[in-house]
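Biologist: Could you take a close look at one part of this model, the pairing of charged side chains? Please give the cut-offs as you go.

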Amino acid sequence: MSVAVPARRVVGRNVLGQSLPFRPRLQHQQQRTAIFGSGGKKGDDKQLPSNRPNPVLEDFRRQSDANPVQSQQPQQQEHGPQAGDLSASSIFEDDRRAQRLVELYDAQEKNIAEGNTTGTSGKRRDPANMQRVLDPDPNARERWERKKVIQMVRRGGRMNKQQMVKRTEREHVLRTHNLKTSVKKLGMLARQIAGKTIDDAILQMRFSKNKVAQEVLHQLEYARDEAVVMRGMGLGGVETQDNAGKPNKASSLISGTAPTAPTAPALSDPQDTKSPVQIQLKDGKRHTISDPSTIYIDQAWVGRGPFGQLPDFRARGQVNIMRTPWTSLSVVLKEEKTRIRLHEEREEKRKKAVLGKVWTHLPDRPVQWQRQWYTF
């Protein structure tokens, strides 16, 4: 009875009836010798002699002996986390860091004032570096200042009409971020709110059925708040309504003086004392103004933004790429004083045009030196 065994396997296991010796694989281990060192890199075997001087270390030891410092253990405990301390991700961490910097700068200025410069630490502001940023081109600034002084001297201190308007009237411009809508849709809302007061425009956007009207509402509220805080617009009748005849307690507490007797309310403009004014707008409509400091939207326009991409899945595995538009809205806020001034200018221009075309007869003057012959 024979066994079916491949001939190669039999030959590989037993060649001529002798077994091959088994040699296990050994891992390579580098030995330390006087030539190769400790088995490091090629440049690590070169060691500096111990008797070679180190000037940096000597300088550090000399400074340490002159100004002994505290051990690093308390410093690590001071800046490290402590029980009840704020985490690094806390919203109050920036305020605490800023407070530490302020305390550090105050201590540094105090030491400099006392003449003790050894205990100062931290980074001080370099006036030269700050001047490079605040005044990068001093020659150009001097030329500009000289030009303005010459202009003021030539005009005798008088301002032109544009400068007078800038000084007497307030204006605020706001450009919103890109809104996910088209120019046509947002343009209709811009034309709807242009010319209205800010409160009427907000009311219109509140009850509008357009989807983007809610975002325009938020932007108008933000623009109104910005105009009140940054430009001081719309504050004509605030003190006369709320603080009329009332002393300011906060100012008396801060200054430490006793509250004074109630005084007459301070008005921001003499026009505030007038009765409601009825004017005619540029388009011919009549408009009544009760408070000249009321904020209104003088201009409103839209700007085309970038286009996005949105897939449109179709039949048979086809996909179309749609271009989604983005549009921004810009508004210019002014006070009703501007409308009153423009109305007066239009009326004056109209009167000049009417009176300039009216025919007037020659004045009745007595005839002097009426003779039958010439006497000259």
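**A salt-bridge network and its surroundings**

Modeller: Lys161, Glu169, Arg341 and Glu345 are linked in a network of salt bridges. A salt bridge here is a side-chain nitrogen of Lys or Arg within 4 Å of a carboxyl oxygen of Asp or Glu. The structure is a predicted model, in which local features need pLDDT of at least 70 and side-chain atom pairs count only at pLDDT 80 or more, while totals for chains, interfaces and linings use all residues. Residues are numbered from 1 along each chain as its sequence is written, and side-chain values use heavy atoms, with hydrogens and water left out.

The classes are buried under 20% relative accessible area, exposed over 50%, and partly exposed in between, with a 1.4 Å probe and protein chains only. Setting aside neighbours within four places in sequence, the contacts of glutamate 169 are Lys337, Thr338 and Arg341, a contact being heavy atoms within 4.5 Å. With threonine 338, the glutamate 169 side chain forms a side-chain polar contact of 3.0 Å. A polar contact is a pair of N or O atoms within 3.5 Å; within protein, one must be able to donate a hydrogen and the other to accept it, and residues adjacent in sequence count only if both atoms are side-chain atoms.

The salt-bridge count comes to 14. Side chains of opposite charge can pair when their charged atoms come close. One of the pairs is arginine 350 with glutamate 347, at 2.8 Å from N to O. These two are about one helical turn apart, because they lie three residues from each other in helix 13 (residues 336-357). Arginine 350 is partly exposed at 46% relative accessible area, and glutamate 347 is partly exposed at 22%.

Arginine 224 pairs with aspartate 225, with the closest N and O atoms 3.4 Å apart. Arginine 224 is partly exposed at 25%, as is aspartate 225 at 40%. Aspartate 312 and arginine 314 form a salt bridge of 3.8 Å, N to O, and aspartate 312 is partly exposed at 22%.

Aspartate 135 is buried, at 11% relative accessible area, and its side chain makes a 2.6 Å polar contact with that of arginine 141.

As for confidence, the protein averages a pLDDT of 78, with 67% of the residues scoring at least 70; pLDDT is the predictor's confidence in each residue, from 0 to 100. Residues 69-78 have pLDDT below 50, and this stretch has two contacts in the model beyond near neighbours in sequence. Residues 247-268 are also below 50, with twelve such contacts. Where pLDDT is low, the predicted coordinates should not be read in detail.

Technical notes. Helices (H or I, at least four residues) and strands (E, at least two) are DSSP runs, numbered from the N terminus.
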